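Hi there,

Here is the structure I promised to pass on. My notes follow below it.

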Amino acid sequence: MSYLALYRVWRPQRFSEVVGQEQTVQALRNSVRENRLTHAYLFAGPRGTGKTSLAKILAKAVNCGHQQDGEPCNLCTSCQDISNGSFMDVIEIDAASNRGIDEIRDLREKVRILPAQGKKKVYIIDEVHMLTTEAFNALLKTLEEPPDSVIFILATTELQKIPGTILSRCQKYNFRRLTPDQITSRLQDVAQSNSIDVDPEAIALIARRANGGMRDALGMLDQLHSYQDSRINRDDVLEVLGLVDDLFVARLIDDVIAQDAAAIVEHLSIALNQGKEAIQLARETALYLRDLLMYKVAGDSADLIMAGEQSRPMLKAQGQKLEQSQILQAIRMIVDTGEKLRFSEGQRFVLELAFLELSSWVGKPVTVVPPAAPQPKSLRANKETRLEPSERGEKTEAREILWSRILAGVKEKKVPTHALLLQGKLLGTKGDTMYIGFHKGYKFHKERMEEKGNRDILDAVIRELFAREFNVQFIFIEDNQYNDMVVKRAIEDFGEELIEIKD
Ligand SMILES: Nc1ncnc2c1ncn2[C@@H]1O[C@H](COP(=O)(O)OP(=O)(O)OP(=O)(O)O)[C@@H](O)[C@H]1O
Ligand SMILES: [Mg+2]
Ligand SMILES: [Zn+2]
């Protein structure tokens with residue numbers, strides 16, 4: 001017997017089986033019961049929230065000969081044929097697959113032919129926002145003078161792409177994301193009926209991570225179920241779905257607030273060594289920060305996606321330490337980092353850098369406004385966060401980690417180049433320029449590094465690590481370093497702590 005995905009087996013077959021969407025369900029059911037149907041409906045909302053399911057229930061209800069209290073009987077041939085897609089008068093068009101021109105043309109020709117099997121012809125047009133302009137116009141013509149025996153149900157995930165001319169001819173229903181509680185109770189039913197042994201904690205985790213979509217939630221449960229026979233627990237969910245533990249992210253944010261650079265690097269490296277993807281870590285950190293912001297704004301009534309029971313106390317404590325504006329900025333920065341990670345191979349480093357920078361300004365109790373200067377975001381220093389002498393160690397530590405990464409990358413490519421660079425030190429960056437200093441006694445090393453071959457190697461490593469270009473300047477560091485004009489300018493521009501030069 002072929003395996004049927006849970007979400008298909010568990011498609012609601014009657015109005016009363018639909019989870020959530022109460023107003024929509026009630027309005028549709030009433031209009032069937034009282035025979036007040038209109039010609040065109042538009043179902044709009046996120047994926048997997050019941051649009052197609054309700055379209056089919058409606059199609060059944062209007063064609064069922066034994067309709068009761070607005071519900072289809074699900075037993076007669078017409079109900080059954082509609083359920084399995086073989087009913088001639090219910091025509092499903094997927095606008096996403098061929099953008100609809102032929103189908104809509106066909107529809108215009110046939111729409112006036114009376115229903116063959118049932119009472120009403122029902123056209124269900126899925127992903128209707130994908131129709132070409134031409135197809136939209138053809139559809140509009142039909143909607144302007146719909147025959148009595150026809151009902152259109154248009155469904156879309158992108159309401160804003162539907163032309164106003166179409167909208168104004170439809171009765172519109174907004175589908176909402178389902179809440180974690182609604183998803184949880186459905187998952188419990190499904191698990192029980194299918195003898196799937198799963199921890200309540202695991203269900204709660206899936207329900208939070210499905211982002212309001214029931215199809216995705218059922219898909220996750222299915223995936224876990226096929227992966228293992230024994231009881232599914234929270235760790236299985238994290239592992240199989242490649243998710244990051246919320247408790248882990250909560251601790252990482254604690255490190256960030258404590259400005260503990262060493263702990264940040266260590267914790268990230270544990271996660272990465274366990275096989276978590278850097279991009280996933282960034283995504284989930286962004287989600288966690290989103291929860292943090294929601295909690296700060298709405299308190300206990302906030303709808304949290306990432307933070308579960310265990311991390312919630314930490315989330316609350318963190319919310320008290322950070323300003324809203326700081327959290328918002330942190331989100332922006334981590335989202336940016338996620339983008340950067342998509343294009344970079346030096347993922348690990350990009351991520352570490354982001355967290356280190358985050359801690360350099362998120363840890364401040366004052367509200368921080370990073371300068372508007374464009375790039376580089378990650379290495380950008382800012383005047384407002386000038387550190388107290390006692391805190392300098394952290395900055396230096398961060399820069400040393402960066403420098404050791406650069407050196408390691410160069411060493412991997414060419415050992416002699418590494419030997420030259422080893423005598424230099426990373427001073428900092430300003431705009432698109434990265435400054436690497438050599439003491440006067442290392443003129444030879446500096447000059448060799450300026451040669452194209454060596455420079456190319458360094459450039460390549462920097463590109464891999466930062467996912468961008470820097471114009472590298474090798475400069476001498478005088479014993480009396482502050483006489484050096486370039487360094488002096490750089491210090492004026494972004495504070496002493498990044499250009500702090502020690503012997
Ligand atoms: N409100 C709901 N109540 C119960 N189950 C639901 C609900 N929404 C979705 N599902 C489950 O998800 C599956 C897919 O739902 P459906 O096809 O109706 O979603 P959709 O909103 O049309 O999504 P898409 O925009 O991706 O087409 C259903 O078969 C069902 O298992
Ligand atoms: Mg659908
Ligand atoms: Zn029926």
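The largest pocket lies between domain 1 (6-174) and domain 2 (180-240), because both give residues to its lining; the domain bounds come from an automatic or database assignment. This is a predicted model, where local features need pLDDT of at least 70, side-chain atom pairs count only at pLDDT 80 or more, and totals for chains, interfaces and linings use all residues. Residues are numbered from 1 along each chain as its sequence is written, chains are lettered from A and ligands numbered from 1 in written order, and side-chain values use heavy atoms, without hydrogens and water.

A pocket here is an open set of points on a 1 Å grid over the protein atoms alone, where a 1.4 Å probe fits, with protein on both sides within 12 Å along at least five of seven lines; lining residues have an atom within 4 Å of a point. Of the 26 lining residues, R11, G48, T52, S53 and R215 are closest to the centre of the largest pocket. Helix α3 (helices are DSSP runs of H or I, at least four residues) contributes the most to this lining, with four residues.

Elsewhere, α13 (residues 246-258) packs against α15 (residues 278-298) at about 80 degrees, axes 10 Å apart. That makes α13 roughly perpendicular to α15 (65 to 115 degrees), with axes fitted to C-alpha atoms over the stretch in contact and angles running from 0 to 180 degrees between N-to-C directions. Contributors to the contact (heavy atoms within 4.5 Å) include F248 and I253 of α13 and L281 and Y288 of α15.

Best wishes

Notes:
Helix = DSSP H or I, 4+ residues; strand = E, 2+ residues; numbered from the N terminus. Parallel < 35°, antiparallel > 145°, perpendicular 65-115°, else oblique.
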